[in-house]
Amino acid sequence: MPDNKNPNSPKLKRKSKPKLKKEDVTVVDTDSARKAVMATAVGNGMEWFDFGIYSYLAATIGQVFFPEVSGPMQLVFSFATFAVAFIARPVGGIFFGMLGDRLGRKKVLAITLIMMALATLSIGLIPSYASIGTTATVLLLIARLVQGFSAGGEYSGAMTFIAESTPDKKRGFMSSGLEVGTLVGYIAGAGLVTLLTYILGEETMLEWGWRIPFFISAPIGLIGFYLRNNLEESPAFEAMQEKKSEEDDNESVRHILQFHWRAILMGMFVVFFYIVVNYIVLSYMPSHLTAVLGYGETEGLLLIVIVMVIMIPIVLLMGYFSDRIGAKKVIQGGLIGLIILSIPAFNLIGSGNTLLVFFGLMILGIFSASFQGTMPALLPSLFFTNVRNGALAITFNISASLFGGTTPLLVSWLISKTANQMIPAYYAIFASIVGFIVVTLFLKDTSGKALRGSPPAVEEKAEIKEILEEPEEALWWHEEKKEIEERIEDRAEDGK
């Protein structure tokens with residue numbers, strides 16, 4: 001047992017005030033930060049193009065691979081296959097997340113992109129159910145599992161990389177570029193499906209045209225791999241590696257769950273409402289318009305594409321506001337908006353009037369954008385640098401698997417059972433109420449501050465002097481870090 005009266009005692013040392021030197025402050029090169037954001041967002045867009053085209057072809061895929069069922073249940077089967085990918089996401093998230101904390105962020109991002117591209121290409125090569133029967137369904141499930149395994153490491157890794165590569169005071173705005181990449185990927189996927197459906201017609205799309213978007217994934221995957229492979233490692237990770245001791249290499253999944261469970265639990269609740277709303281708007285709505293409301297595939301997809309294009313500047317604006325007033329306030333505003341306006345929005349969507357349908361979708365899109373513009377910066381800030389990639393991957397992918405992949409399946413199944421077209425609105429309201437309670441009572445807003453476990457990151461050297469005057473404010477996470485270290489030490493002592 002250590003002697004607490006000894007001035008050299010580790011516990012007494014940790015009670016001293018945090019010290020910050022000039023050389024500890026990271027000065028982020030603006031051009032490098034923009035390059036990191038651009039390359040990561042482009043790669044993320046390509047990855048979600050691959051993942052998203054399945055959503056936009058769900059009705060067609062249902063006919064190709066599940067011809068023995070019909071009507072709304074065919075869509076349920078198709079979305080069940082969509083949900084299968086989320087079984088593999090936690091596994092992929094843990095694997096790639098822990099790898100990212102050991103080997104670096106950028107290497108993992110390059111690997112996940114190639115895996116996704118190959119899995120997506122393979123879906124386009126699978127013969128139909130009419131040709132090889134249930135074997136086609138099995139092959140589709142395998143391809144979706146590989147996609148899920150890849151996606152498990154992609155998004156959490158991309159969030160971590162961008163958050164660690166940007167200055168603290170611009171983290172919200174610059175990180176929102178990641179979601180712009182996601183939207184561009186979805187737009188490219190939806191736009192391509194819409195264009196092909198218009199040119200080829202629904203009959204030809206059903207016969208062979210649906211395969212084309214999957215084939216395109218291979219060349220765009222190579223482009224994304226090149227961009228990511230030529231990135232520099234994130235400054236926060238490099239700074240951590242320079243100071244890392246051999247003892248710091250012992251972080252494991254068990255370690256993360258034991259000593260960072262509070263942040264993980266918080267993150268899972270945050271991801272819950274974020275992912276439910278995101279998947280209702282971006283993944284489920286195209287099929288809702290087509291299979292539930294009877295819109296033609298081209299018309300329904302075109303409306304979604306227009307909404308997503310308009311969402312891009314709104315996402316960036318929300319990221320900008322999060323740097324000015326705090327991400328917490330932006331998120332609370334979006335949650336209140338959904339609680340109040342989800343039912344009116346779905347009434348508009350079900351009106352049958354194309355203009356009113358567009359306005360209903362736009363209402364959902366605006367509030368979804370309030371989350372998309374803030375989450376890429378907020379979620380990585382919940383965790384310390386040495387466990388950030390792994391802890392965020394565990395948090396995001398478990399919650400996404402439980403609530404994201406199941407959202408289209410659950411909503412479509414409930415509609416088929418109840419014939420109530422307002423089910424998506426009720427689910428969005430429920431998720432928003434839970435989210436508002438959690439965010440208001442438990443979330444600490446760290447917008448504009450250093451990431452947990454990292455020294456401040458600034459854009460100009462002139463900012464350093466002001467930071468050094470208040471080291472306790474700059475290293476706001478110091479006391480929290482001490483508490484974790486003391487718990488780790490106490491656990492080690494108990495184990496002796």
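What percentage of the 496 residues of the protein chain count as buried? The figures below show a predicted model.

**Figure 1. The whole protein chain.** Of its 496 residues, 57% count as buried. The chain holds 22 helices and 2 strands. Its C-alpha atoms fill a box of roughly 80 × 45 × 45 Å, taken along the principal axes. A compact globule with 496 residues would have a radius of gyration near 23 Å. The protein chain has 23 Å, so the value agrees with that rule.

**Figure 2. A nonpolar patch on the surface.** Five names make up this view: Ile132, Val138, Leu139, Ile142 and Val146. Together they have about 360 Å² of accessible area. Helix α7 spans residues 134–165. This helix gives the largest share of the nonpolar patch, 4 residues.

**Figure 3. Close-up of Ile132 in the nonpolar patch.** Ile132 is part of the nonpolar surface patch. Ile132 lies in helix α6, which covers residues 129–132. Is Ile132 buried or partly exposed? Its relative accessible area is 33%, so Ile132 is partly exposed. The partly exposed class runs between the buried limit, under 20%, and the exposed limit, over 50%.

Figure 4. Why does Glu469 count as exposed? Its relative accessible area is 57%. Exposed means over 50%, so Glu469 belongs in that class.

Terms used: Residues numbered from 1 in each chain as written. Predicted model: local features only at pLDDT ≥ 70, side-chain atom pairs only at ≥ 80, totals over all residues. Heavy atoms only, no water. Buried < 20%, exposed > 50% of the residue type's maximum accessible area, 1.4 Å probe, protein only. Rg over C-alpha atoms; globule rule 2.2 N^0.38 Å. Patch = residues over 30% accessible without salt bridge, like charges linked within 9 Å, V, L, I, M, F, W, Y side chains within 5 Å. Areas by Shrake-Rupley, 256 points an atom, 1.4 Å probe, with all protein chains shown as cover. Salt bridge = Lys/Arg side-chain N within 4 Å of Asp/Glu carboxyl O.
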